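Here are a few notes to read alongside the structure. Have a look at the fold first, then work through the points in order.

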Amino acid sequence: LRAAWGLHAVDALNDSDVQQLAAHGDAFVRANAIRLALDTEAPSKRIREVVKWLAKDESEHVRRALAGQAHRLSGSYLAGVCDLLPKQPSDPDTALM
């Protein structure tokens, strides 16, 4: 994960790397994949699709990270994420999710 943030810092993290992180078995890694993916002015279509897919993640930690970064999305991707997040099981630690 530190290597991924290092690559991101020097603009060397690509969409394929982010997609691999998004499929990782650890929810903390998937949540950071969202932060990495959306820490750009114009995320690619591939990245927006990955982020939308993560809105259905079983981990409330991942969904909470996505809710915090949703303002970086626009158009149908923002609408899709905002539609999918409330349909997931509630987060026992956050009354709003």
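**Notes on the helices, the core and the pocket**

1. In α3, the buried residues are Val29, Arg30, Ala31, Asn32, Ala33, Ile34, Leu36 and Ala37. That makes eight of the eleven residues in this helix, so α3 is mostly covered. What lies over them? The cover for the buried residues of α3 includes α1, α2, α4 and α5. Keep in mind that this is a predicted model.

2. Now step back to the whole chain. You'll find six helices and zero strands in the protein chain, giving the pattern α-α-α-α-α-α along the sequence. The chain has 97 residues, and 38% of them are buried. Take the contacts between residues at least 6 apart in sequence: 66% of these join residues at least 24 apart.

3. Next, the inside. The largest nonpolar core has 22 residues, and those touching the most other members are Leu21, Ile34, Val51, Leu54, Leu66, Leu73 and Val81. Which elements give two or more residues to this core? They are α2, α3, α4 (45-54), α5 and α6 (75-84). The largest share comes from α3, with five residues.

4. Leaving aside residues up to four places away in sequence, Val51 touches Ala37, Leu38, Leu66 and Leu73. Two of these partners, Leu66 and Leu73, are also on the list of core residues that touch the most other members.

5. Beyond residues up to four places away in sequence, Val18 touches Leu13, Ala33, Ala37 and Ile47. Val18 and His8 are ten residues apart in sequence, and their C-alpha atoms are 9.9 Å apart in space.

6. On to the largest pocket, which has a volume of about 210 Å³. It is lined by 14 residues, and the closest to its centre are His8, Leu13, Leu36, Ala37 and Thr40. Two elements give two or more residues to the lining: α2 (15-22) and α3 (27-37). By type, the lining divides into seven nonpolar, four polar and three charged residues.

7. Is Gln69 buried or exposed? Gln69 is buried, because its relative accessible area of 16% is under 20%. You'll see this residue in helix α5 (residues 60-69). Not counting residues up to four places away in sequence, Gln69 touches Ile34, Arg35 and Leu38. One of these, Ile34, is among the buried residues of α3.

8. Finally, a backbone point to check. Most residues other than glycine have a negative phi. Asp11 is not a glycine, yet has a positive phi of about 60 degrees. Where does Asp11 sit? Its place is in the loop between α1 (2-9) and α2. Asp11 counts as exposed because its relative accessible area is 73%, over the 50% cut-off.

Methods
Residues numbered from 1 in each chain as written. Predicted model: local features only at pLDDT ≥ 70, side-chain atom pairs only at ≥ 80, totals over all residues. Heavy atoms only, no water. Helix = DSSP H or I, 4+ residues; strand = E, 2+ residues; numbered from the N terminus. Buried < 20%, exposed > 50% of the residue type's maximum accessible area, 1.4 Å probe, protein only. Contact = heavy atoms within 4.5 Å. 1 Å grid on protein atoms, 1.4 Å probe; cavity = no way out; pocket = protein on both sides within 12 Å on 5 of 7 lines; lining within 4 Å. Points joined across faces, edges and corners; volume = space filled by probe spheres on them. Nonpolar A, V, L, I, M, F, W, Y, C, P; charged D, E, K, R; others polar. Core = buried A, V, L, I, M, F, W, Y, C linked by side-chain atoms within 4.5 Å.
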